[in-house]
Amino acid sequence: MRVNVTVNGSAETVDDVWEGESLLYLLRERMGLPGSKNACEQGECGSCTVYLDDVPVCACLVAAGQAEGRRVRTVEGLAEGGRLDPVQEAFVEAGAVQCGFCTPGLVVQTHALIARDPDPSDADIREALAGNLCRCTGYEKILDAVRLAARRKATA
Ligand code: FES
Ligand code: FES
């Protein structure tokens with residue numbers, strides 16, 4: 001089947017998509033956007049988180065066909081004008097990236113959190129990121145990164 005979808009602001013048409021194909025596969029394997037990671041493919045880890053019409057979703061659980069006529073924004077689409085988004089910068093500066101497998105999903109989820117709540121409490125942060133698993137950092141650096149990103153956004 002054919003899927004028409006706007007990805008990171010660009011209208012795309014993809015042919016020969018099979019019925020069971022996931023949005024994650026479409027993005028990574030057909031569109032050359034490997035930022036969203038495939039770690040569990042079962043909706044458990046959040047590594048594949050992307051925006052679908054402004055709502056963060058696990059791209060591994062969304063059928064590619066469900067994206068028809070909709071907007072997708074991946075971690076690659078957060079940077080603008082050649083500059084990283086403040087959330088991306090904060091993850092680097094806070095040392096919240098080790099193997100980096102969880103990072104794209106955490107960055108997108110944090111981006112969404114700060115957009116709806118510019119001054120989240122630690123409890124809010126933990127709740128927002130509860131579906132994003134990290135095997136490396138112990139989460140403290142991630143919390144630091146989210147706090148730093150919120151401060152940056154507030155003063156941007
Ligand atoms: S790869 Fe989608 S939730 Fe883990
Ligand atoms: S940095 Fe390795 S899984 Fe999070």
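Predicted model: local features only at pLDDT ≥ 70, side-chain atom pairs only at ≥ 80, totals over all residues.
Serine 47 counts as buried because its relative accessibility is 1%, where buried means under 20% relative accessible area, exposed over 50% and partly exposed in between, with a 1.4 Å probe and protein chains only. Serine 47 sits in the loop between α1 (23–30) and β3 (49–52); helices (H or I, at least four residues) and strands (E, at least two) are DSSP runs, numbered from the N terminus. With neighbours within four places in sequence set aside, serine 47 is in contact (heavy atoms within 4.5 Å) with Ser36, Lys37, Ala39, Phe101, Cys102, Pro104 and Gly105. The C-alpha atoms of serine 47 and leucine 133 are separated by 7.6 Å, although the two residues are 86 apart along the chain.

Residues are numbered from 1 along each chain as its sequence is written, chains are lettered from A and ligands numbered from 1 in the order in which they are written, and side-chain values use heavy atoms, with hydrogens and water left out.

The chain is divided into domain 1 (3–78) and domain 2 (86–155), with bounds that come from an automatic or database domain assignment. Taken over C-alpha atoms, the centres of domain 1 and domain 2 are 21 Å apart. Where the domains meet, 16 residues of domain 1 are in contact with 14 residues of domain 2. The area buried between them is about 1300 Å², and carbon and sulfur atoms give 62% of this; buried area is the accessible area (1.4 Å probe) that two parts lose on being put together, summed over both. On the domain 1 side, Tyr51, Val75 and Leu78 lose the most area to domain 2, together 35% of what that side buries. Strand β3 gives 3 residues, the largest share of the side of domain 1 that touches domain 2. Between the domains there are 6 residue pairs in polar contact, both residues at pLDDT 80 or more. A polar contact is a pair of N or O atoms within 3.5 Å; within protein, one must be able to donate a hydrogen and the other to accept it, and residues adjacent in sequence count only if both atoms are side-chain atoms. Across this interface, 0 salt bridges are found, a salt bridge being a side-chain nitrogen of Lys or Arg within 4 Å of a carboxyl oxygen of Asp or Glu.

The interior comes next. A nonpolar core is a set of buried Ala, Val, Leu, Ile, Met, Phe, Trp, Tyr and Cys residues joined through side-chain atoms within 4.5 Å. The largest such core has 26 residues, and Phe91, Ile142 and Val146 have the most contacts inside it. Two or more residues of this core come from each of α2 (86–93), α3 (103–116), α4 (122–128) and α5 (140–155), with the largest share, 7 residues, from α5. Both domain 1 and domain 2 supply at least three residues to this core. Apart from it lies another core, of 21 residues, including Val14, Val17, Met31 and Ala64.

Threonine 110 belongs to helix α3 and is buried because its relative accessibility is 0%. Beyond its neighbours within four places in sequence, threonine 110 is in contact with Val87, Phe91, Leu129 and Val146. Glutamine 109, also placed in helix α3, is buried at a relative accessible area of 14%. With neighbours within four places again left aside, glutamine 109 is in contact with Thr49, Pro56, Ala128, Leu129 and Asn132.

Over the whole structure, 12 salt bridges are found. Aspartate 15 and arginine 2 form one of them (2.6 Å, N to O). Aspartate 15 lies in the loop between β2 and α1 and arginine 2 in the segment before β1 (3–7), so this pair ties together parts 13 residues apart in sequence. Aspartate 85 forms a salt bridge with lysine 153, with 3.4 Å between the closest N and O atoms. This pair ties together parts 68 residues apart in sequence, because aspartate 85 lies in the loop between β5 and α2 and lysine 153 in helix α5. Aspartate 85 is buried at 8% relative accessibility, whereas lysine 153 is partly exposed at 29%. Finally, a network of salt bridges links Asp122, Asp144 and Arg147.
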